[in-house]
Amino acid sequence: MVTFEKIHDAARVLDGIVRHTELIPSTMIDGCRLYLKPENLQYTGSFKLRGAAYKIATLSDEEKARGVVACSAGNHAQGVARSAQRFGIKSVICMPDTAPLMKIDATKSYGAEVCLVPGVYDDAHDKAVELQHEQGYTFVHPFDDDNIIAGQGTIGIEIMSQLQDADAIVCAIGGGGLISGVAIAAKYINPKVKIYGVQAERAASMFTAVKSGRIVRLPSVNTFADGIAVKEAGENTYRYVSQYVDDVVTVSDDEIACAILAMIEKHKIVAEGAGAAPVAAVMCGRIPCEGKKVVCVVSGGNIDVGILSKVIERGLVGAGRTHTVRIDLPDRPGQLNKVSSIIAECGGNILQVHHDRGTNGHDIAGCGLQIKMETRNFDQIERIDTSLRDAGYLITDTK
């Protein structure tokens, strides 16, 4: 069992190894006093260093001599690799071949041997267990291990020392190691503090387990938040979540994208999908926050640059900041000018125009016009679409 005393010992061991990240007050959300715990600024860009470093620090000399093996979508991989490098031991990391390239390269940069496995995290886990038995490595589990959970729990101690009267702490859940440790520590210090977990709705293994009262293995997971794309909750973490966590909710990928965009704009903070999930839950009203002091743990910032550009685009659409409209109209001079004038009068800023005169489906004397524009919000989008329809234009598609 993980106790507060064990988490306190982890804090002692990790002093000087991990960064104590300071809370950032945020004005992103009206109605509550929101704080961000920026573990995306942790060494290796993720909270995972805490658990990995404590686990490896507690290994026997014999275990260190044999080396370690781990499985991860990227953040635990980097934490284990850096910690192994610090203690001068061999590390082999099994990663799903869908892991972002930057996480793979970063793991290798710490001296780890990377084994790419087709599939998702759970497939990498199976390969790591296979190597453990074949080579005699010590397996460093990413979440379902008491020393790992204790290391992650040091975040809870830090939060409660930085904001003693916090009303709620919100954490993303993949396997559940982070929220288990944070909940145990925070509720020991203040039993009244509420702990909420957040999962991607298409990777809701812990959510499903809590609601059904038993661990359920999902047939598949599908989310760009690769850090929490876990098919099955851990046995230990399920028990801790059931005992200490007040509620588990889900958010969509589009809602996570909006949260990433909001943090970039408001705080110049880059979070990966898992790191933004708690903020998404608060932004979308999944968690009761009115009048409360709420801390969101931004668990990591290791997002692939290619994915980030797509996420920003989705976030802009989801926030009503960009709008694409497709119109069927007569193929006559001056039509583009009239449409552009209507959009300009409503305050929209045209970004792209595609004029299609030859595609089947249009009248012989007609054409298609697709316009992507920059907008302020959904109210402005509605004004633009209404003005175009009032002018007699047929809108065939929007996004």
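Because the model is predicted, local features need pLDDT of at least 70 and side-chain atom pairs count only at pLDDT 80 or more, while totals for chains, interfaces and linings use all residues. Residues are numbered from 1 along each chain as its sequence is written, and side-chain values use heavy atoms, with hydrogens and water left out.

In soluble globular proteins, nonpolar side chains tend to be buried together. A nonpolar core is here a set of buried Ala, Val, Leu, Ile, Met, Phe, Trp, Tyr and Cys residues joined through side-chain atoms within 4.5 Å, where buried means under 20% relative accessible area, exposed over 50% and partly exposed in between, with a 1.4 Å probe and protein chains only. The largest such core has 42 residues, of which Leu36, Ile256 and Met263 touch the most other members. At least two residues of this core come from each of β2 (33-38), β7 (168-172), β8 (194-200), β9 (247-251), α11 (253-267), α12 (273-283), β10 (293-298) and α13 (305-318), these elements being DSSP runs numbered from the N terminus, with helices (H or I) of at least four residues and strands (E) of at least two. The element that gives the most to this core is α12, with 7 residues. Contact means heavy atoms within 4.5 Å, and Ile256, not counting residues up to four places away in sequence, touches Ala200, Phe224, Ala225, Val251, Gly273, Ala276, Ala277 and Ala280. A second, separate core of 27 residues includes Phe47, Ala166, Val182 and Ala183.

On a 1 Å grid over the protein atoms alone, a cavity is a set of points where a 1.4 Å probe fits but cannot get out, whereas a pocket is an open set with protein on both sides within 12 Å along at least five of seven lines, and lining residues have an atom within 4 Å of a point. Grid points are joined across faces, edges and corners, and a volume is the space filled by probe spheres set on the points. The structure holds 1 cavity of 30 Å³ or more, and the largest cavity has a volume of about 320 Å³. Of the 30 residues that line this cavity, Phe47, Lys48, Gly174, Gly227 and Ile228 are the closest to its centre. The elements giving two or more residues to that lining are α4 (75-87), α7 (146-162) and α8 (177-189), and the largest share, 3 residues, comes from α8. The largest pocket has a volume of about 290 Å³, and of its 20 lining residues the closest to the centre are Thr98, Thr223, Phe224, Asp226 and Ala229.

Glutamine 199 lies in strand β8 and counts as buried because its relative accessibility is 0%. A polar atom of the glutamine 199 side chain lies 3.2 Å from the backbone nitrogen of serine 205, and, leaving aside neighbours within four places in sequence, the contacts of glutamine 199 include Ile173, Gly174, Met206 and Val249. Serine 91, in strand β4 (residues 91-96), is also buried, with a relative accessible area of 4%; residues up to four places away in sequence aside, serine 91 touches Val68, Val80, Ala81, Ala84, Ala112 and Glu113. Lysine 310, in helix α13, is by contrast exposed, with a relative accessible area of 58%.

Notes:
Polar contact = N/O pair within 3.5 Å; in protein donor to acceptor, adjacent residues only side chain to side chain.
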